[in-house]
Amino acid sequence: MPGLIKYREKLNITQEELAEKSGISVRTIQRIEAGAKLKGHTLNAIAKALQISKEELIKEKSEETSNYKLMKLINISSLPFVVVPFLNIFVPVAIIYAKKEYNSLTKQIVSIQIMWTIISGFLFLLSPFFNRVFTSEIRLVLPVLIVSVLVNIIIILVNTIALDKNKKLRIKMKFSLI
């Protein structure tokens, strides 16, 4: 974990000194610095020994390992399939699993597509009932379909631009569906 190395070197201490300070074995510290996942008691002990928060130690890793070009690709991969239900979800998920890029941003990208597919499908199914309720002579099925596709395209493009500029999503949910 490059973040651990950075913090350890910033304090100018060796792996052995960190091991002594934290009560964690030198071998465990070596494994973590080589890329093993930092969690539980080990995370608490090392964060305390380095005098930083657990979140800061974990955040450092996720920022360093995030591949924003790949995330933009995952986000934009939904674009050709916005008119095909579930392919706009399946293609990004396939890329995530193929490239092993599991993180909160990729989960948000897929969650947004899942949520939008559910919302637009619901609106599409309700559009004939809106025709009857409002006794409209214009069939709403096609306009609802077109508007939902256009909104999804806008969501994808806005998030792609935000990933490019700010390295975060502009349109996101407060929860993840996956």
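Analyst: Helices (H or I, at least four residues) and strands (E, at least two) are DSSP runs, numbered from the N terminus. This is a predicted model, in which local features need pLDDT of at least 70, side-chain atom pairs count only at pLDDT 80 or more, and totals for chains, interfaces and linings use all residues. Residues are numbered from 1 along each chain as its sequence is written, and side-chain values use heavy atoms, with hydrogens and water left out.

User: Where does Lys167 lie, and is Lys167 buried or exposed, or in between?

Analyst: Lys167 lies in the segment after helix H9 (141–166). Its phi is near 60°, a positive value in a residue other than glycine. Buried means under 20% relative accessible area, exposed over 50%, and partly exposed in between (1.4 Å probe, protein chains only). Lys167 has 43% relative accessibility, so it counts as partly exposed.

User: Which class of accessibility does Asn12 have?

Analyst: Asn12 lies in the loop between helix H1 (2–10) and helix H2 (15–22). Phi of Asn12 is near 55°, a positive value in a residue other than glycine. Because its relative accessibility is 68%, Asn12 counts as exposed.

User: Which residues of H8 meet H6?

Analyst: Contact means heavy atoms within 4.5 Å. From H6, the residues Tyr68, Met71, Ile74 and Asn75 take part. In H8 they meet Leu105, Thr106 and Ile109.
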